[in-house]
Amino acid sequence: MDILVSGLLLSGTYALVAMGLNLQYGVARIMNLANGEVLVLGALAAFWLYTTSQISPLFTVVLVAPISFIGNWLIYRFLLLPLVRRSKTQGNLEVDSILATFGMSFVLIGVMVSIEGGFFAYKYLSSPISIFGSTTSLSRFVSFLIAAIIGFLLYLWLNHTRSGVAVRAVSVSAEASGLVGINVPRVSAWAFALGGMITAIGGALISTFITLDASIGVVFTLKALIIVIMGGVGDIRGAIVAAIILGVVETTVATLIDPGLTLAAAYLIFLLILLFRPQGLFGRRPL
Amino acid sequence: MKPSSWSELLIATLLVFLAIFIPLISNGYWLSIAVTAMMYIALSTSWALFSGPTHYISLATGAFYGVGGYLVGTGMSDYQLSFWLMLAIGPIVAALLALLIGIATLRLSGVYFVIFTLGLAEMIRNLVSWVQNNFLGSRGLYVFTDFRDQHIYWMLLSVAALVYLFGWIINRSRLGFALRIIGNDETVARHVGINTAWAKVILFTSTGFFAALVGAILAPRWSYIEPNIVFSPQLSFLVVIMALLGGSGRLWGPLVGVIPFTILWELTSIQFPNQSTLVLGIAFLLIVYVLPKGIVGRLEQLRAKIQRGHHE
């Protein structure tokens, strides 16, 4: 029961971060390997503002959102769009965007290390609470709630608004959406920026209950990628289920076997997905 | 990757012959840089054999390298086996590992492959540390040999020459031709009857073999081996940067990138140790935005331009 509760709470923020990556890869078609560093940047902001000026991480979320949105929009517009225009095929774009975002991730790590070289350790809302008879910290629960609210809003927006439909259309086929009058470059830029914003918010939330450091981003990139692949690219429902599976399995392995093996557990899941369901849990086999 | 000619092989032989004498004229600091450079030459040439034509970016180098180094350490330290035996076993184990990874991931799109290799070194390091801490008890392993820097250098040089020769043969073979078609258009390759998955798996297995061989040879240089040291994710990135900086379109392209970058990397590691990640990031961005085909590609572009100028 303890495992289930903390696994579920963990999966809330995982799902949020994976949704961010999903928007960037599914809609803007950029395999963003700097995703984890954007997350850590959000965490660093929360840590730094809390330790220097006692600003609540929950308020930092509100601050981080517009800044990361603009930052990611600028990155897409000035660094990634030229690559989209240059590449002749999706394969070319993938290679270019992988290398470019690697570059960005290392630059971000370099910058973050110079700001804070140690661990982002701070205590916030760490009072114990009890859910279904198992004890956990308030910060985990609050983070889960916020993640769930943001995820729900995103779902409503994608499925019940005009702009949301445009975003989904681009994710299905960029060419066809261009033909029906959707401004594909603009939608892609917005989706990329929104994805980055969600990731940074996720980072600020995670920092309240997991101690991060400047170079841990790649672990989160990997987890988000595994969730996206497991859930199926562009599939929010799949991402949530996948995040729950990953969160619970990781917590189980960490509690019952060894905390050092969580990455190996994630890899095992990844391998099984690649072998048996490469199209995602709910995806249809391509014809 | 373009097919290689006999004249290229001749020049390569000459260079290898000249490189034999480097330890005789240099020592200490410069010899140790030469060892590092030779290590990266072998690793990135072998990397480019697979990733150059297929455009699949492999980040597994660090994992295979670690397997080679770690097996030498554990074989010599825990089981008193000879260095030469472990030197033979390590690469075979790594090649089998690469084969399995290749079979699992290379049938799918390139993105899955990159993601899988991205965390591979870290994951294997976690597994090895866990096994060591829980079942074996010892943490560090010792590798004592009589080898000095020049011996390691000569061994690496022969591996680099071997990789080059292997690449040269592959490039002129049916397999090399098949890989070039896959790189240009995988669908076309499949339609003309190429077994694309196997062509990729074979080449990827060879990179696993060579990376582990290099890792095993370098184990005596460390003398003390710990999973945290040998499974270095950074190594994989350095290999990618050096190969792409030189240009993966030619067999000798990576060589052009390795030498300047090794020196630059040594300098930054000493002068600005905290900024090394930043340098890594800038190098990646530079390659994507300024030198997408590497230094060699840029030079060939220039030459083509000059030749066109003459005809006009």
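The model is a predicted one, so to speak of local features takes pLDDT of at least 70 and side-chain atom pairs count only at pLDDT 80 or more, while totals for chains, interfaces and linings use all residues. Residues are numbered from 1 along each chain as its sequence is written, and chains are lettered from A, with ligands numbered from 1, in the order in which they are written.

Chain A puts 31 residues into the contact and chain B puts in 30; two residues count as touching if their C-beta atoms, placed from the backbone, lie within 7 Å. On the chain A side, α4 (90-115), α9 (217-231) and α11 (262-276) each supply at least two residues. Helices here are DSSP runs of H or I with at least four residues, and strands are runs of E with at least two, numbered from the N terminus. The largest share of that side, 16 residues, belongs to α4(A). By class, the side splits into 23 nonpolar, five polar and three charged residues (nonpolar: Ala, Val, Leu, Ile, Met, Phe, Trp, Tyr, Cys and Pro; charged: Asp, Glu, Lys and Arg; polar: the others, Gly among them).

Across the contact, α4(A) packs against α15(B), residues 276-289, at about 155° with the axes 7 Å apart. Axes are lines fitted to C-alpha atoms, for helices over the stretch in contact, and angles run from 0 to 180 degrees between N-to-C directions. That angle makes the two helices roughly antiparallel, a label for angles over 145 degrees. Among the residues making this contact are A:Phe102, A:Phe106 and A:Ile109 of α4(A), and B:Leu278, B:Phe284 and B:Ile287 of α15(B). The helix pair brings together 15 nonpolar, four polar and one charged residues.

Back in chain A, A:Phe220 sits in α9. A:Phe220 is buried, with 27 other C-beta atoms within 10 Å; the cut-off for buried is 20 or more, with 12 or fewer counting as exposed and anything in between as partly exposed, C-beta atoms being placed from the backbone. Leaving out residues up to four places away in sequence, A:Phe220 touches A:Val17, A:Gly36 and A:Leu39.

In chain B, 12 of the 14 residues of α13(B) are buried, so this helix is largely enclosed by the rest of the structure. Those buried residues include B:Phe237, B:Met242 and B:Gly246. Just past the end of α13(B), B:Gly247 adopts a positive phi of about 120°.

Terms used: Parallel < 35°, antiparallel > 145°, perpendicular 65-115°, else oblique.
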